[in-house]
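Please open the model in your viewer and keep the selection panel at hand. The tour below goes from the whole chain to single residues, with something to select at each stop.

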Amino acid sequence: MSTPATGAATLAPRRSSRFVAWVRAWRAGLVPYDEVADAIAGDEEHLVADAPGTWTDVPLGAALPTLAKLSPDEIRLVLPAPGDPRGLPGPGDFAGAALVTGEAVVAGGLGLIPEVRSHTSGSGDCFETVLWRVYPLPANAAAASLSLPGAAEAEAELAAALAETTAALTRLDVAQWRPELAGALAALRRPDGATDLPPGFDPRARRLFARAAVLDRVLALAGHSAPGGAINNYEAQQRDAALRPLTAACRQALVAACNAPLRP
């Protein structure tokens, strides 16, 4: 039977992670340009605002040539959070917007942040448009993320945080008020092969991305109160404290996987 956690775990990973992985693979010559925009967007409409040389919002595919001279290592994923701005190139409009959104792309001298806009059609159907807003950055912006943990370190940290969090949630008897969360965390010990990276990433990066991408969605679910008010304020504080280390480890795992060295 499908549960809320099951649904959360099948949603697409963060849009910035898809952007970085596929654009890096393209710049490494491992995937053709014609496939990149569709792979990033999936079933959504993706537009780009404020891209160099443009005067209006343009389709994602039309803006990608702006990045055609960059090497893969100049394209980096950053997933900052309040109190943890790692990977950002310093104070400014880009850093402020990235902290609010919680995800961003550093691409040479440009920063891109996805803004999700919800729309309702005349027939009542709801759909979303993703607008990538472009910001100018200092020339050495990509270097800020080079000191972040690599895939091996991030994988070890994620495994340790998952074990610690599962034990903490067991002590809190999370299954009594959030059974689908406990079950989803247990299931994450098995990597999700349906969530994958493009060609060029090694098995460790693929494994790390698969696990972290699913876990990222489960943690988004965990941030919401249980249906029917089954969780009180004290329980919410205990839950948040238990999940905080895992949330941080998950963000760094996604960053490490998407920024990992590429191989032909």
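What follows is a list of selections, each with a description of what is there.

This is a predicted model, in which local features need pLDDT of at least 70 and side-chain atom pairs count only at pLDDT 80 or more, whereas totals for chains, interfaces and linings use all residues. Residues are numbered from 1 along each chain as its sequence is written, and side-chain values use heavy atoms, with hydrogens and water left out.

**The whole chain**

Begin with the protein chain in a cartoon view, where there are 10 helices and six strands, taken as DSSP runs (H or I of at least four residues for helices, E of at least two for strands) and numbered from the N terminus. Of the 264 residues, 48% are buried, where buried means under 20% relative accessible area, exposed means over 50%, and partly exposed is in between, with a 1.4 Å probe and protein chains only. Among the contacts (heavy atoms within 4.5 Å) with a separation of 6 or more, 68% are between residues 24 or more positions apart. A surface view shows an accessible area of about 12,600 Å², of which carbon and sulfur atoms hold 55%; this area comes from the Shrake-Rupley method with a 1.4 Å probe.

**Arg-14**

Next select Arg-14, which sits in the loop between helix 1 (4-10) and helix 2 (15-27), and which is buried at a relative accessible area of 18%. Which side chain does the side chain of Arg-14 meet in a polar contact? The partner is Asp-216, at 2.8 Å, a polar contact being a pair of N or O atoms within 3.5 Å in which, within protein, one must be able to donate a hydrogen and the other to accept it, and for which residues adjacent in sequence count only if both atoms are side-chain atoms. The side chain of Arg-14 also reaches the backbone oxygen of Gly-102, at 3.2 Å. Leaving out residues up to four places away in sequence, the residues that Arg-14 touches include Leu-79, Glu-103, Arg-251 and Leu-254.

**Helix 2 against helix 3**

Now show helix 2 together with helix 3 (residues 33-41), whose axes come within 9 Å and cross at roughly 175°. The pair is therefore roughly antiparallel, a term for angles over 145 degrees; the axes are lines fitted to C-alpha atoms over the stretch in contact, with angles from 0 to 180 degrees between N-to-C directions. On the helix 2 side, select Arg-18, Phe-19, Trp-22, Val-23 and Trp-26, which meet Tyr-33, Glu-35, Val-36, Ala-39 and Ile-40 of helix 3.

Staying on helix 3, colour its buried residues, Val-36, Ala-37, Ala-39, Ile-40 and Ala-41, and then display their cover, which includes helix 2, strand 1 (45-49) and helix 4 (60-63). Just after helix 3, Gly-42 takes a positive phi of about 60°.

Pro-52 is found in the loop between strand 1 and strand 2 and is partly exposed at 45%. With neighbours within four places in sequence set aside, Pro-52 is in contact with Thr-66, Leu-110 and Val-134.

**Glu-155**

Finish at Glu-155 in helix 6 (residues 151-171), which is buried at 19% relative accessible area and touches Arg-204, Arg-207 and Leu-208, not counting residues up to four places away in sequence.

Key: Parallel < 35°, antiparallel > 145°, perpendicular 65-115°, else oblique.
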